[in-house]
Amino acid sequence: MNHSDARLIDDRELSRHGIRRIGDRPGLRSRERTSGGVLLLGLNGSTAELHVDTTSAYPDHAVFAFVEAQAVWSKLGDEPWVESEGGLVIAPHGITRRLRWSGAWRFIAALVPRPAIASFVPALPPDASTYADRRLLDSSMQRFIGSLLDTENHASAIEQYAIEQLVMEMSGAVLLDRIGAVTGQGSPHTVLRERAIAVIAQQCGDPSLNPSRVAHEVQSSLRQLQLVFSESGNSVAGEIRRQRARLAHSLLVDSRYDVLSIDQIAQRSGFNSPMSLRRALDEAYETTPRALRAARRA
(Lines give C-alpha, C1' and ligand atoms only; values in the text may rest on other atoms or scores of the structure.)
Protein backbone atom coordinates (compact mmCIF):
# COMPACT_ATOMS: atom_id res chain seq x y z
CA MET A 1 0.00 0.00 0.00
CA ASN A 2 1.80 3.12 -1.14
CA HIS A 3 -0.66 5.56 -2.75
CA SER A 4 -1.37 8.37 -0.31
CA ASP A 5 -3.68 10.33 -2.63
CA ALA A 6 -7.19 9.23 -3.60
CA ARG A 7 -7.21 7.87 -7.14
CA LEU A 8 -9.24 5.80 -9.54
CA ILE A 9 -8.10 2.19 -9.92
CA ASP A 10 -8.86 -0.44 -12.53
CA ASP A 11 -10.00 -4.07 -12.13
CA ARG A 12 -6.43 -5.37 -12.03
CA GLU A 13 -5.48 -3.09 -9.15
CA LEU A 14 -8.77 -3.79 -7.40
CA SER A 15 -8.11 -7.54 -7.55
CA ARG A 16 -4.85 -7.02 -5.65
CA HIS A 17 -7.00 -5.78 -2.78
CA GLY A 18 -8.98 -9.03 -2.83
CA ILE A 19 -11.97 -7.77 -4.83
CA ARG A 20 -12.77 -9.27 -8.23
CA ARG A 21 -15.60 -8.48 -10.61
CA ILE A 22 -17.60 -11.49 -11.85
CA GLY A 23 -18.86 -11.00 -15.38
CA ASP A 24 -18.28 -7.97 -17.55
CA ARG A 25 -21.06 -5.57 -16.62
CA PRO A 26 -19.81 -2.02 -17.22
CA GLY A 27 -20.07 0.91 -14.87
CA LEU A 28 -18.02 -0.19 -11.86
CA ARG A 29 -16.03 2.73 -10.44
CA SER A 30 -13.31 2.11 -7.86
CA ARG A 31 -11.14 4.48 -5.82
CA GLU A 32 -8.44 3.97 -3.22
CA ARG A 33 -6.39 5.97 -0.74
CA THR A 34 -3.73 4.68 1.63
CA SER A 35 -2.30 6.33 4.72
CA GLY A 36 0.35 4.33 6.52
CA GLY A 37 -1.12 0.93 7.31
CA VAL A 38 -4.71 1.95 6.54
CA LEU A 39 -6.35 1.31 3.16
CA LEU A 40 -9.54 3.12 2.14
CA LEU A 41 -11.61 1.73 -0.73
CA GLY A 42 -14.68 3.08 -2.46
CA LEU A 43 -16.74 1.21 -5.08
CA ASN A 44 -19.99 2.16 -6.72
CA GLY A 45 -22.01 1.12 -9.73
CA SER A 46 -25.20 -0.56 -10.81
CA THR A 47 -26.25 -4.23 -10.87
CA ALA A 48 -23.09 -6.32 -10.48
CA GLU A 49 -21.53 -9.35 -8.81
CA LEU A 50 -18.22 -9.30 -6.92
CA HIS A 51 -16.01 -11.83 -5.21
CA VAL A 52 -14.51 -10.26 -2.07
CA ASP A 53 -11.63 -11.89 -0.19
CA THR A 54 -9.82 -9.33 1.94
CA THR A 55 -8.92 -12.15 4.34
CA SER A 56 -6.37 -13.51 1.87
CA ALA A 57 -5.22 -10.15 0.51
CA TYR A 58 -4.87 -8.52 3.96
CA PRO A 59 -4.79 -11.28 6.60
CA ASP A 60 -3.79 -8.87 9.38
CA HIS A 61 -6.48 -6.27 8.68
CA ALA A 62 -10.01 -5.82 9.96
CA VAL A 63 -12.66 -4.35 7.65
CA PHE A 64 -15.16 -1.62 8.47
CA ALA A 65 -17.52 -1.36 5.50
CA PHE A 66 -20.50 0.85 4.78
CA VAL A 67 -23.01 -0.53 2.29
CA GLU A 68 -25.69 1.46 0.50
CA ALA A 69 -27.77 -0.54 -1.98
CA GLN A 70 -31.27 -1.05 -3.29
CA ALA A 71 -30.73 -4.78 -2.73
CA VAL A 72 -27.71 -6.96 -1.98
CA TRP A 73 -27.25 -10.73 -1.59
CA SER A 74 -24.23 -12.58 -0.24
CA LYS A 75 -22.98 -16.14 -0.10
CA LEU A 76 -20.03 -18.06 1.28
CA GLY A 77 -18.64 -20.93 -0.80
CA ASP A 78 -21.38 -23.26 -2.01
CA GLU A 79 -23.97 -21.96 0.41
CA PRO A 80 -27.20 -20.49 -1.04
CA TRP A 81 -27.56 -16.77 -1.65
CA VAL A 82 -28.89 -14.82 1.33
CA GLU A 83 -30.38 -11.37 1.09
CA SER A 84 -28.35 -9.01 3.23
CA GLU A 85 -29.07 -5.71 4.84
CA GLY A 86 -27.10 -2.61 4.03
CA GLY A 87 -25.53 -0.50 6.73
CA LEU A 88 -22.37 -1.03 8.75
CA VAL A 89 -20.34 -4.24 8.45
CA ILE A 90 -17.62 -4.97 11.02
CA ALA A 91 -15.38 -7.89 10.02
CA PRO A 92 -12.45 -8.18 12.47
CA HIS A 93 -10.87 -10.94 10.38
CA GLY A 94 -11.77 -9.64 6.94
CA ILE A 95 -14.53 -10.35 4.43
CA THR A 96 -14.70 -13.49 2.27
CA ARG A 97 -17.98 -13.46 0.34
CA ARG A 98 -19.58 -13.26 -3.05
CA LEU A 99 -21.80 -10.21 -3.26
CA ARG A 100 -24.58 -9.60 -5.76
CA TRP A 101 -25.95 -6.09 -6.11
CA SER A 102 -29.19 -4.97 -7.73
CA GLY A 103 -29.72 -1.38 -8.77
CA ALA A 104 -27.47 1.50 -7.76
CA TRP A 105 -25.07 0.78 -4.89
CA ARG A 106 -22.03 2.13 -3.06
CA PHE A 107 -19.48 0.31 -0.92
CA ILE A 108 -16.99 2.23 1.26
CA ALA A 109 -14.47 0.35 3.37
CA ALA A 110 -11.56 0.97 5.71
CA LEU A 111 -9.03 -1.85 6.08
CA VAL A 112 -7.32 -1.30 9.42
CA PRO A 113 -4.45 -3.28 10.99
CA ARG A 114 -6.03 -5.56 13.58
CA PRO A 115 -3.57 -4.67 16.40
CA ALA A 116 -4.69 -1.04 16.07
CA ILE A 117 -8.24 -1.91 17.18
CA ALA A 118 -7.73 -5.05 19.25
CA SER A 119 -6.88 -3.09 22.39
CA PHE A 120 -10.18 -1.19 22.33
CA VAL A 121 -12.22 -4.21 23.42
CA PRO A 122 -11.66 -7.19 25.73
CA ALA A 123 -11.82 -9.60 22.75
CA LEU A 124 -12.48 -9.29 19.05
CA PRO A 125 -15.63 -11.08 17.87
CA PRO A 126 -14.79 -14.10 15.67
CA ASP A 127 -17.29 -13.36 12.90
CA ALA A 128 -18.45 -10.42 10.84
CA SER A 129 -21.55 -8.54 12.00
CA THR A 130 -23.92 -6.27 10.08
CA TYR A 131 -25.87 -3.39 11.61
CA ALA A 132 -28.78 -1.91 9.69
CA ASP A 133 -29.37 0.78 12.29
CA ARG A 134 -27.11 3.79 12.01
CA ARG A 135 -25.48 5.65 14.86
CA LEU A 136 -23.80 9.04 14.95
CA LEU A 137 -20.29 7.61 15.26
CA ASP A 138 -20.37 5.17 12.35
CA SER A 139 -22.28 7.64 10.13
CA SER A 140 -19.58 10.21 10.85
CA MET A 141 -16.87 7.69 10.00
CA GLN A 142 -18.60 6.89 6.71
CA ARG A 143 -18.79 10.56 5.75
CA PHE A 144 -15.15 11.11 6.72
CA ILE A 145 -13.89 8.18 4.62
CA GLY A 146 -16.18 9.11 1.74
CA SER A 147 -14.85 12.67 1.68
CA LEU A 148 -11.24 11.40 1.66
CA LEU A 149 -11.98 9.15 -1.31
CA ASP A 150 -13.91 11.83 -3.21
CA THR A 151 -11.21 14.51 -3.03
CA GLU A 152 -8.11 14.44 -5.21
CA ASN A 153 -6.19 16.85 -2.98
CA HIS A 154 -2.63 15.81 -2.21
CA ALA A 155 -2.03 14.79 1.42
CA SER A 156 1.11 16.05 3.12
CA ALA A 157 3.15 13.74 5.36
CA ILE A 158 1.51 15.09 8.52
CA GLU A 159 -1.94 14.82 6.90
CA GLN A 160 -1.25 11.19 5.97
CA TYR A 161 -0.29 10.47 9.56
CA ALA A 162 -3.37 12.29 10.88
CA ILE A 163 -5.66 10.38 8.50
CA GLU A 164 -4.18 7.05 9.56
CA GLN A 165 -4.55 7.84 13.25
CA LEU A 166 -8.07 9.23 12.88
CA VAL A 167 -9.31 6.22 10.91
CA MET A 168 -7.78 3.79 13.40
CA GLU A 169 -9.21 5.67 16.38
CA MET A 170 -12.64 5.95 14.75
CA SER A 171 -12.59 2.24 13.90
CA GLY A 172 -11.71 1.33 17.46
CA ALA A 173 -14.40 3.63 18.82
CA VAL A 174 -17.03 2.19 16.45
CA LEU A 175 -16.06 -1.33 17.51
CA LEU A 176 -16.25 -0.32 21.17
CA ASP A 177 -19.62 1.34 20.61
CA ARG A 178 -20.98 -1.82 18.96
CA ILE A 179 -19.32 -4.51 21.04
CA GLY A 180 -22.38 -4.91 23.26
CA ALA A 181 -24.41 -5.87 20.19
CA VAL A 182 -21.59 -8.11 18.94
CA THR A 183 -21.37 -10.12 22.14
CA GLY A 184 -25.10 -10.03 22.80
CA GLN A 185 -24.50 -8.39 26.18
CA GLY A 186 -25.92 -5.09 27.25
CA SER A 187 -25.96 -5.26 31.04
CA PRO A 188 -25.29 -2.18 33.18
CA HIS A 189 -21.89 -3.65 34.05
CA THR A 190 -21.01 -4.01 30.38
CA VAL A 191 -22.05 -0.45 29.65
CA LEU A 192 -20.01 0.86 32.57
CA ARG A 193 -16.94 -1.11 31.54
CA GLU A 194 -17.19 0.12 27.95
CA ARG A 195 -17.51 3.73 29.11
CA ALA A 196 -14.42 3.29 31.27
CA ILE A 197 -12.44 1.74 28.41
CA ALA A 198 -13.39 4.68 26.18
CA VAL A 199 -12.10 7.13 28.81
CA ILE A 200 -8.88 5.17 29.18
CA ALA A 201 -8.34 4.96 25.41
CA GLN A 202 -8.71 8.73 25.13
CA GLN A 203 -6.53 9.68 28.10
CA CYS A 204 -3.95 6.89 28.38
CA GLY A 205 -1.12 9.20 27.29
CA ASP A 206 -1.57 11.22 30.47
CA PRO A 207 0.82 9.76 33.09
CA SER A 208 -1.46 10.98 35.89
CA LEU A 209 -4.37 8.81 34.72
CA ASN A 210 -5.18 6.24 37.39
CA PRO A 211 -8.12 4.00 38.36
CA SER A 212 -9.56 6.58 40.77
CA ARG A 213 -9.72 9.21 38.05
CA VAL A 214 -11.32 6.77 35.61
CA ALA A 215 -13.98 5.97 38.21
CA HIS A 216 -14.63 9.68 38.72
CA GLU A 217 -14.93 10.22 34.92
CA VAL A 218 -17.59 7.53 34.58
CA GLN A 219 -19.36 8.57 37.79
CA SER A 220 -18.77 5.29 39.58
CA SER A 221 -17.13 4.29 42.83
CA LEU A 222 -13.68 2.79 42.43
CA ARG A 223 -14.82 -0.38 44.20
CA GLN A 224 -17.73 -0.84 41.78
CA LEU A 225 -15.54 -0.20 38.75
CA GLN A 226 -12.91 -2.68 39.94
CA LEU A 227 -15.66 -5.29 40.38
CA VAL A 228 -16.96 -4.68 36.85
CA PHE A 229 -13.49 -5.15 35.34
CA SER A 230 -12.76 -8.23 37.45
CA GLU A 231 -15.84 -9.91 35.94
CA SER A 232 -14.10 -9.82 32.55
CA GLY A 233 -10.78 -11.05 33.96
CA ASN A 234 -9.14 -7.64 33.86
CA SER A 235 -8.51 -4.67 36.14
CA VAL A 236 -8.73 -0.92 35.66
CA ALA A 237 -4.97 -0.60 36.11
CA GLY A 238 -4.42 -3.44 33.65
CA GLU A 239 -6.62 -1.72 31.05
CA ILE A 240 -4.70 1.54 31.49
CA ARG A 241 -1.45 -0.35 30.96
CA ARG A 242 -2.85 -2.13 27.88
CA GLN A 243 -4.02 1.11 26.28
CA ARG A 244 -0.66 2.75 26.96
CA ALA A 245 1.04 -0.22 25.31
CA ARG A 246 -1.22 0.27 22.28
CA LEU A 247 -0.23 3.94 22.06
CA ALA A 248 3.47 3.13 22.44
CA HIS A 249 3.21 0.42 19.79
CA SER A 250 1.73 2.88 17.27
CA LEU A 251 4.58 5.34 17.93
CA LEU A 252 7.33 2.73 17.72
CA VAL A 253 6.21 1.34 14.35
CA ASP A 254 5.94 4.83 12.82
CA SER A 255 9.19 6.05 11.23
CA ARG A 256 8.24 9.65 11.93
CA TYR A 257 8.89 9.01 15.61
CA ASP A 258 12.34 7.52 15.13
CA VAL A 259 13.77 10.82 16.40
CA LEU A 260 12.29 10.03 19.82
CA SER A 261 14.25 7.90 22.26
CA ILE A 262 12.67 4.94 24.01
CA ASP A 263 12.49 7.07 27.14
CA GLN A 264 10.58 9.78 25.25
CA ILE A 265 8.23 7.19 23.73
CA ALA A 266 7.52 5.93 27.26
CA GLN A 267 6.72 9.47 28.44
CA ARG A 268 4.41 10.17 25.51
CA SER A 269 2.57 6.92 26.15
CA GLY A 270 1.95 7.68 29.81
CA PHE A 271 4.55 5.30 31.31
CA ASN A 272 6.67 6.38 34.25
CA SER A 273 9.78 4.65 32.96
CA PRO A 274 11.18 2.75 29.95
CA MET A 275 11.13 -0.40 32.08
CA SER A 276 7.35 -0.05 32.58
CA LEU A 277 6.99 0.38 28.81
CA ARG A 278 9.02 -2.76 28.09
CA ARG A 279 6.99 -4.84 30.55
CA ALA A 280 3.70 -3.63 29.07
CA LEU A 281 4.79 -4.31 25.48
CA ASP A 282 5.95 -7.78 26.43
CA GLU A 283 2.60 -8.47 28.09
CA ALA A 284 0.45 -7.09 25.25
CA TYR A 285 2.54 -7.92 22.15
CA GLU A 286 5.33 -10.25 23.32
CA THR A 287 7.94 -7.88 21.93
CA THR A 288 10.27 -5.04 22.94
CA PRO A 289 10.57 -1.40 21.79
CA ARG A 290 13.80 -2.08 19.92
CA ALA A 291 12.43 -5.23 18.30
CA LEU A 292 9.43 -3.29 16.96
CA ARG A 293 11.64 -0.66 15.38
CA ALA A 294 14.06 -3.24 14.01
CA ALA A 295 11.24 -5.26 12.42
CA ARG A 296 9.85 -2.18 10.66
CA ARG A 297 13.26 -1.14 9.35
CA ALA A 298 13.91 -4.66 8.12
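Modeller: Asn234 is found in the loop between α8 and α9, and, since this is a predicted model, everything I say about this residue is computed from predicted atoms. With a relative accessibility of 25%, Asn234 counts as partly exposed, because that value falls between the 20% under which a residue is called buried and the 50% over which it is called exposed. If we set aside the neighbours within four places in sequence, Asn234 is in contact with Phe229, Glu239 and Arg242. With one of these, Glu239, there is also a polar contact, in which the side chain of Asn234 and the side chain of Glu239 are 2.9 Å apart. By way of contrast, take Val89, which is 145 residues from Asn234 in sequence and, from C-alpha to C-alpha, 28 Å from it in space.

Most residues other than glycine have a negative phi. Gln219, in the loop between α7 (211-217) and α8 (222-231), has a phi near 55 degrees, which is a positive value in a residue other than glycine. Glu286, in the loop between α11 (274-285) and α12 (289-297), likewise has a positive phi of about 55 degrees although it is not a glycine. Gln219 counts as exposed because its relative accessibility is 74%, and Glu286 is exposed too, with a relative accessible area of 71%.

Let us now turn to the strands. Strand β3 (residues 29-35) has seven residues, six of which are buried, so the strand is largely enclosed by the rest of the structure. Strand β1 (residues 7-9) runs antiparallel to β3 and is joined to it by three bridges, with Leu8 having Arg31 as its bridge partner in β3. Strand β4 (residues 38-45) also pairs with β3 in the antiparallel sense, over seven bridges, and here Glu32 stands opposite Leu41 of β4. β3 and β4 form a hairpin with two residues between them, and Gly36 in the turn has a positive phi of about 60 degrees.

Finally, consider the aromatic rings. A pair of such rings is described by the distance of the centres and the angle of the planes. When centres within 6.5 Å are taken as the limit for a pair, the count comes to three aromatic pairs. One of them is formed by Trp101 and Trp105, whose rings are 4.2 Å apart centre to centre with 15 degrees between the planes; this pair is stacked because its angle is under 30 degrees. Both Trp101 and Trp105 are buried, and together with Phe107 they form one aromatic cluster. A further tryptophan, Trp81, has Arg100 lying over its face, at 3.9 Å from the ring centre.

Notes
Residues numbered from 1 in each chain as written. Predicted model: local features only at pLDDT ≥ 70, side-chain atom pairs only at ≥ 80, totals over all residues. Heavy atoms only, no water. Phe/Tyr/Trp six-rings, centres within 6.5 Å; stacked < 30°, edge-to-face > 60°. Buried < 20%, exposed > 50% of the residue type's maximum accessible area, 1.4 Å probe, protein only. Lys NZ or Arg CZ within 6 Å of the ring centre and 35° of its normal. Helix = DSSP H or I, 4+ residues; strand = E, 2+ residues; numbered from the N terminus. Pairing = 2+ DSSP bridges. Contact = heavy atoms within 4.5 Å. Polar contact = N/O pair within 3.5 Å; in protein donor to acceptor, adjacent residues only side chain to side chain.
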